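Below is a set of questions and answers on one structure. Please read them with the model open.

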Amino acid sequence: MDRQQRTETPAGISDSAARSARDLRVVLSRLRRRIREVATDEDLTPSQESALTLVGKHGAATASALASAEGVRPQSMAATLAALDQHGLIRRSPDPEDGRRQLVTLTEAGRERIEDNRQVREEWLARAFEDRYTEQERRTILDALTLMERLSEQ
């Protein structure tokens, strides 16, 4: 059966839980896409933006480790890193444990770019909450987020 055709609720799961899961996934996907659009730099592709953020999160990492974390082929990551290098956003240095490999880190320009993008996204989201919701609605959202935090706990 095609995924899109499946509308049955799995056994042992209430209709409200199934609907909540489905609706939340859709809303989060749309919101994530919109937040990405807000701070997308026109000179970087989405995959370059994603790799830049990944380098920022991982710190010093090899291209193959980044490719694995991003779920792409090493050749694709190499091309992405070459573009980031051309923009002056990353630096490569020899791996002290294995001189055949290089470690990728952010340059100061790369760190600034990530921080600027983060700030633009947060400001957009805060402005959207301010403009589109009442104080009571924002409190309701905060209450819902507190409940949803349980989803991220192990």
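Q: Is Phe 129 buried, partly exposed or exposed?
A: The model is a predicted one. A residue counts as buried under 20% relative accessible area and as exposed over 50%. Phe 129 has a relative accessibility of 27%, so the class is partly exposed.

Q: Which class does Tyr 133 fall into, buried, partly exposed or exposed?
A: The same cut-offs apply, under 20% for buried and over 50% for exposed. The relative accessible area of Tyr 133 is 35%, which means that Tyr 133 is partly exposed.

Q: What kind of aromatic pair do Phe 129 and Tyr 133 form?
A: A search of the whole structure turns up one aromatic pair. Phe 129 and Tyr 133 make up this pair, with ring centres 5.7 Å apart and 40° between the planes. Planes under 30 degrees apart would count as stacked and those over 60 as edge-to-face, so the rest are tilted. The pair of Phe 129 and Tyr 133 is therefore tilted.

Q: Which residues lie closest to the centre of the largest pocket?
A: The largest pocket holds about 510 Å³ of space. Its lining has 17 residues, and Phe 129 is among the closest to the centre.

Q: Which element gives the largest share of the lining of the largest pocket?
A: Two or more lining residues come from each of α1 (15-38), α5 and α6 (135-152). By class, the lining has 14 nonpolar, one polar and two charged residues. The largest share is six residues, and the element that gives it is α1.

Q: Which helix gives the most to the lining of the second largest pocket?
A: At least two lining residues come from each of α1 and α2. The top contribution is six residues, and the helix that gives it is α2.

Q: What span should helix α2 have at 1.5 Å a residue?
A: Helix α2 covers residues 46-58, which is 13 residues. The expected span is 1.5 Å times one less than the number of residues.

Q: Which elements do the buried residues of α2 pack against?
A: The buried residues of α2 are Gln 48, Glu 49, Ala 51, Leu 52, Leu 54 and Val 55. Contact here means heavy atoms within 4.5 Å. On that basis the partners are α3 (63-70), α4 (74-86), β2 (90-95), β3 (98-106) and α5 (108-132).

Q: How far apart are the end C-alpha atoms of α5?
A: The buried residues of α5 are Gly 110, Arg 113, Ile 114, Asn 117, Trp 124 and Ala 128, and their cover includes α1, α2 and β3. With 25 residues at 1.5 Å a residue, α5 should span 36 Å. The distance between its end C-alpha atoms agrees, at 36 Å.

Q: What is the C-alpha to C-alpha distance between Arg 111 and Leu 89?
A: Arg 111 is placed in helix α5 and is partly exposed, at 41% relative accessibility. Arg 111 and Leu 89 are 22 residues apart in sequence, and their C-alpha atoms are separated in space by 7.7 Å.

Q: Does Arg 150 count as buried or exposed?
A: Arg 150 belongs to helix α6. The C-alpha atoms of Arg 150 and Glu 115 are 28 Å apart. The relative accessibility of Arg 150 is 56%, so Arg 150 counts as exposed.

Terms used. Residues numbered from 1 in each chain as written. Predicted model: local features only at pLDDT ≥ 70, side-chain atom pairs only at ≥ 80, totals over all residues. Heavy atoms only, no water. Helix = DSSP H or I, 4+ residues; strand = E, 2+ residues; numbered from the N terminus. Buried < 20%, exposed > 50% of the residue type's maximum accessible area, 1.4 Å probe, protein only. Phe/Tyr/Trp six-rings, centres within 6.5 Å; stacked < 30°, edge-to-face > 60°. 1 Å grid on protein atoms, 1.4 Å probe; cavity = no way out; pocket = protein on both sides within 12 Å on 5 of 7 lines; lining within 4 Å. Points joined across faces, edges and corners; volume = space filled by probe spheres on them. Nonpolar A, V, L, I, M, F, W, Y, C, P; charged D, E, K, R; others polar.
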